[in-house]
Amino acid sequence: MDRSKKIIVGSDASGARDAAREGLLVMIVDVIDMSTTLESAMDAGAYAVLGCSPDYATAPVEVVPERIGREACRLSRECGGGIILVAEPRSGSEDERRARCRKVMREIKKEKGIVEAVLPNIGAETPKLLDMQNRVVVAVTDTGGVAYDAAFQVNPRVTTGTVARTYKQKGMEPALTAARRALRLLDRNDRGIAVIAASRNSLEDVLAAQFIANLLLQDNIL
């Protein structure tokens, strides 16, 4: 990695927004379960993954689920596949999950996109519930989804990462995949990479973000 590029670790939706304002490529780390779910979706062949705020976010940042809905539709048209939403509650009904996603779903309907299902946010197990091959998967969640949404409103250079076991990866593989993806995505206009723990109150997220950042500092991970 170019030594002129920064690597920083931050937390929360406000940290994600601030990193985007700095012109950094932002990686959202929400181990339980948003970023683990999305990594698993990619394992299962998803065309693209996004994060999105639910309808009633309380973070002190601007979030616009409708914009994420428009991006999901653009990507869906690009690949010719449908859209799958992932939301809470994990153990509730699909109707309960849909009730938290009305803004993004309204925009998807307006743009003539198709939401195939609203699945629970359960990490590595999520792709077992529905075929995700060539789909656009959007995680509409309180922490990781809000942080992703907040960064995306400033600069759409946002990705995700995890250290947890995913649908097809275990051990060091998920963390290495996250670091390698960020390095591949990094371009000359990015000032560096910000690895953002979705919540400073989640030790899993904070330690995972630090671990991935340390991998990014190594010269041989590609």
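Author: A87 stands opposite P120 in β5, and this pair belongs to a place where β4 and β5 run side by side in the parallel sense, joined over five bridges. Strands are DSSP runs of E with at least two residues, helices are runs of H or I with at least four, and both are numbered from the N terminus; two strands count as paired if DSSP finds at least two bridges between them. The model is predicted, so local features need pLDDT of at least 70 and side-chain atom pairs count only at pLDDT 80 or more, while totals for chains, interfaces and linings use all residues. Residues are numbered from 1 along each chain as its sequence is written, and side-chain values use heavy atoms, with hydrogens and water left out.

The open sheet around this pair has four strands in the order β3-β6-β4-β5, with parallel pairing. Its edge strands, each pairing on one side only, are β3 (48-52) and β5 (115-120). Neighbouring strands of the sheet are turned by 20° against each other on average, direction ignored.

Helices also pack on this sheet. α2 touches β3, β4 and β6 (136-140), and its direction makes about 160° with that of β3; α3 touches β3, β4 and β6 as well, its direction making about 170° with that of β3. Contact here means heavy atoms within 4.5 Å, and angles run from 0 to 180 degrees between N-to-C directions, with axes fitted as lines to C-alpha atoms, for helices over the stretch in contact.

From α3 (residues 65-79) we can move on to α5 (residues 102-110), for these two helices pack at an angle of about 40° with their axes 8 Å apart. That makes α3 oblique to α5, since angles under 35 degrees count as roughly parallel, over 145 as roughly antiparallel, 65 to 115 as roughly perpendicular and the rest as oblique. In α3, the residues P65, E66, G69, R70 and C73 meet K103, V104, E107 and I108 of α5. By class, this contact has four nonpolar, one polar and four charged residues, where Ala, Val, Leu, Ile, Met, Phe, Trp, Tyr, Cys and Pro count as nonpolar, Asp, Glu, Lys and Arg as charged, and the others, Gly among them, as polar.
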